[in-house]
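Take a look at the chain below. This report walks through its sheets, helices and cores.

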Amino acid sequence: MSLWTAMMEEVCLNSEPVFDEGEDYQVEGDNSFVEHDDQTGERHPEKQPLPPTVGLEFNSFDEAYNFYNIYAKQQGFGVRVSNSWFRSKRKERYRAKLSCSSAGFKKKSEANNPRPETRTGCPAMIVIRLVDSKRWRIVEVELEHNHLVSPQIKRFYKSHKKMIIASRKAHPPPEPVIEIRTIKLYRTALMDVACNEHSSVGERESITHVDHSKHLELKEGDALAVYNYFCRMKLTNPNFFYLIDFDESGHLKNVFWADARSRTATRYCDVVFIDTSCLANKYEIPLISFMGVNRHGQSVLLGCGFLGHESTEYYVWIFTVWLRCMQGHCPQVIITDQSKSLQCAVSEVFPKARHCYSAWFIMQRLPERLGGLRGYEAIRKQLNSAVYRSLKIAEFEISWDCMIRQHRLGDNKWLQKLYEERRRWIPVYLKDIFFAGMIPIQENEGFNAFFDGYAHKHTSFKEFLDKYDLALHRKHLKEAMANLESRNLDLELKTRCNFEVQLSKAYTKEIFKRFQREVEGMYSCFSTRQVNVNGPIITYVVKERVEVEGSEEVRAFEVLYETRQADIRCICSLFNYKGYLCRHALNVLSYNGVDEIPSRYILTRWSKDFKHRSIRDQTSCDMDLYNPIYCYNNLYRHAIPLVEGGTECPYNYEIVLQELDGLLSKLNVLEDKLD
């Protein structure tokens with residue numbers, strides 16, 4: 001475990017309580033399985049609980065225990081915690097075995113009149129384990145008992161008594177405490193420090209004059225968890241940035257934050273995806289994330305926040321803060337969901353950026369928007385074909401018009417809106433834009449949000465902040481592993497094509513594998529024919545066998561080749577979409593005797609040493625050496641490759657550690673002289 005992880009776990013304020021180990025477990029807090037009236041004691045009708053199955057997950061240990069206890073009561077047996085596993089240093093339970101109360105055998109008693117043995121060594125049990133730091137998952141199940149079990153047997157069990165007591169304490173169930181109007185957060189000296197003096201978004205700018213009834217719907221404890229988390233991060237990481245937006249009454253409207261790695265990842269700001277899926281899907285946390293793509297094709301977090309309301313004013317605030325946080329590095333391309341508020345905010349804050357919509361998000365709404373129409377399946381297939389298979393604008397227009405007329409969809413307002421904004425999301429209209437692989441160009445391509453698996457519809461603010469560090473840790477680990485694989489492994493060549501050999505030396509492993517599929521695909525292209533000559537520009541047609549919905553068909557791809565500069569452009573535009581040449585362009589180069597890809601088509605952003613190159617490029621000679629923020633960011637960018645290189649082997653580790661110790665000694669000597 002790293003020192004960083006240990007520090008975070010030590011100061012975490014949102015961890016689950018640790019219970020003392022014992023034969024019985026005391027149910028605490030609100031119990032959602034209320035089955036008795038605390039006034040009359042009468043039983044209410046109960047729903048038959050589902051049996052325990054491997055894979056079921058729960059938000060807490062209490063919830064898992066309650067689930068098994070309710071099931072046990074319905075079946076006619078009691079429950080006890082027969083075994084628990086704790087992390088020794090923190091006394092944190094991470095695994096537990098919940099057994100039938102008849103499990104095992106009691107020790108022999110030396111009393112004169114010992115109680116009769118009631119246990120039978122029953123094997124019935126479930127084993128639950130802590131996953132993703134907060135979720136409890138059933139990993140083992142045994143449902144069979146070795147004794148008679150029946151709900152008709154009116155036997156008293158301790159676990160059921162405690163369940164009833166807990167439910168009586170919780171009845172009537174309390175409504176969630178909403179802090180919209182009751183809790184007020186005001187700026188403190190510590191909070192002002194955390195907002196950073198280098199951010200030009202000051203107190204007046206952060207308190208925008210909009211509808212004051214629109215702010216974050218925080219439940220009890222959420223506001224304190226957010227504030228404590230930011231203070232804690234600021235103390236442990238000086239380059240951690242956050243800004244909190246209040247209304248004039250002190251209510252929390254918007255929040256933005258970015259860790260040190262996100263702030264120094266400006267080299268990946270050329271294409272930015274702004275993920276608002278949590279807002280669109282009405283999650284409990286109104287999360288908005290800024291994402292880029294690193295040299296391995298992995299998503300990189302560039303900052304995130306909570307948005308109090310989906311309006312242009314609120315989006316403008318968080319976009320402005322993000323831009324200041326990233327030191328003014330404005331994206332060339334911004335991809336968002338389809339939204340008028342987003343469109344207005346992007347045009348105001350990023351006027352020079354190309355703003356596009358995510359076709360994946362739009363196509364995901366087909367069942368909701370069109371699912372009730374007659375002939376929906378045929379409509380879906382025709383729409384997918386028009387969007388993803390059109391190579392020319394004319395092809396798309398004809399396919400769209402045919403779909404509308406055939407299914408009489410001329411009055412459908414949603415489709416009308418999509419068509420009006422087709423230049424923002426249909427791939428055939430976006431061929432001149434570089435996307436770095438961040439938009440889908442085929443029906444089977446999906447989208448992975450940065451926090452997939454860490455946030456669901458009912459994830460609370462407190463729970464998400466706990467999972468945030470875990471998500472970043474795993475993403476950074478995945479990137480570090482990709483760095484090691486790209487540097488140390490010899491990439492397997494699958495053809496004798498020189499293009500493959502050339503890029504195996506330049507690209508990272510993952511991007512090379514993607515390009516390698518194009519090299520292999522050259523052999524599915526069976527005809528390369530010259531069809532037109534216009535001075536130095538030659539037009540070729542490359543035929544390829546492609547599979548469409550289980551059947552094979554032949555498609556023709558036009559490729560333009562300029563002989564003087566070896567410029568090449570295919571109608572499929574894979575280079576702009578993904579960042580590497582397609583099989584059709586490679587065939588034309590080979591046809592013309594070109595055995596090496598021109599350097600302009602080998603992007604440095606996919607190269608193994610892109611991080612080092614970008615550090616050198618971003619180091620400016622006229623940098624303000626009296627600005628500690630710029631100095632910190634620059635030194636941090638230079639330090640990351642040292643740390644990563646030092647982890648490759650023990651020899652590298654010793655070298656880096658020795659050099660760092662030497663630098664620290666020099667700094668200490670210098671400080672002593674200045675003193």
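## Ground rules

Two strands count as paired if DSSP finds at least two bridges between them. Helices (H or I, at least four residues) and strands (E, at least two) are DSSP runs, numbered from the N terminus.

This is a predicted model, in which local features need pLDDT of at least 70 and side-chain atom pairs count only at pLDDT 80 or more, while totals for chains, interfaces and linings use all residues. Residues are numbered from 1 along each chain as its sequence is written, and side-chain values use heavy atoms, with hydrogens and water left out.

## The whole protein

The protein has 23 helices and 16 strands. Of its 675 residues, 49% are buried. Buried means under 20% relative accessible area, exposed means over 50%, and partly exposed lies in between (1.4 Å probe, protein chains only).

The protein exposes about 35,200 Å². Carbon and sulfur atoms supply 51% of that area. Accessible areas come from the Shrake-Rupley method with a 1.4 Å probe; for residues, only the protein chains shown count as cover. Now take contacts, meaning heavy atoms within 4.5 Å. Among those with a separation of 6 or more, 65% join residues 24 or more positions apart.

## Strands 2, 3 and 4

Strand 2 (residues 79-87) pairs with strand 3 (residues 92-100). The pairing is antiparallel and has eight bridges. Strand 3 also pairs with strand 4 (residues 125-131), again antiparallel, over five bridges.

Follow Leu98 in strand 3. Val81 stands opposite Leu98. In strand 4, the bridge partner of Leu98 is Ile126. Strands of a sheet pair through backbone hydrogen bonds, either parallel or antiparallel.

## An exposed leucine

Is Leu148 buried or exposed? Leu148 counts as exposed, at 69% relative accessibility. Leu148 sits in the loop between strand 5 (135-142) and helix 3 (158-170). Leu148 and Gly76 are 72 residues apart in sequence, yet their C-alpha atoms are 9.0 Å apart in space.

Seven strands form an open sheet in the order 6-7-10-9-8-11-12. The pairing is mixed. Strand 6 (241-246) and strand 12 (354-357) stand at the edges. Each has a single partner strand, so one side of each is left without a neighbour in the sheet. Neighbouring strands of this sheet are turned by 20° against each other on average, direction ignored. Axes are lines fitted to C-alpha atoms, for helices over the stretch in contact, and angles run from 0 to 180 degrees between N-to-C directions.

Strand 9 (residues 287-293) and strand 10 (residues 299-306) run antiparallel, joined by six bridges. Val293 stands opposite Ser299 in strand 10. Helix 10 (residues 340-349) packs on the sheet and touches strand 11 and strand 12. The direction of helix 10 makes about 165° with that of strand 12. Helix 9 lies across several strands, including strand 6 and strand 7 (252-258), and runs at about 25° to strand 7.

## Two cores

A nonpolar core is a set of buried Ala, Val, Leu, Ile, Met, Phe, Trp, Tyr and Cys residues joined through side-chain atoms within 4.5 Å. The largest has 89 residues. Which members touch the most others? They are Trp257 and Phe451. Phe451 touches, among others, Leu287, Leu301, Phe464 and Leu472, not counting residues up to four places away in sequence.

A second, separate core has 33 residues, including Val316, Ile318, Met326 and Val346. In soluble globular proteins, nonpolar side chains tend to be buried together.

## Two positive phi angles

Gln327 is not a glycine, but its phi is positive, near 60°. Gln327 is in the loop between helix 9 (312-325) and strand 11 (333-336).

Ala436 also is not a glycine and has a positive phi, about 55°. Ala436 lies in the loop between helix 15 (413-420) and helix 16 (461-488). Ala436 is buried, with a relative accessible area of 3%.

Four strands form another open sheet, ordered 13-14-15-16, with antiparallel pairing. Strand 13 (525-534) and strand 16 (567-570) are at the edges. Strand 13 and strand 14 (residues 537-548) are joined by eight bridges. Arg529 has Val541 in strand 14 as its bridge partner.
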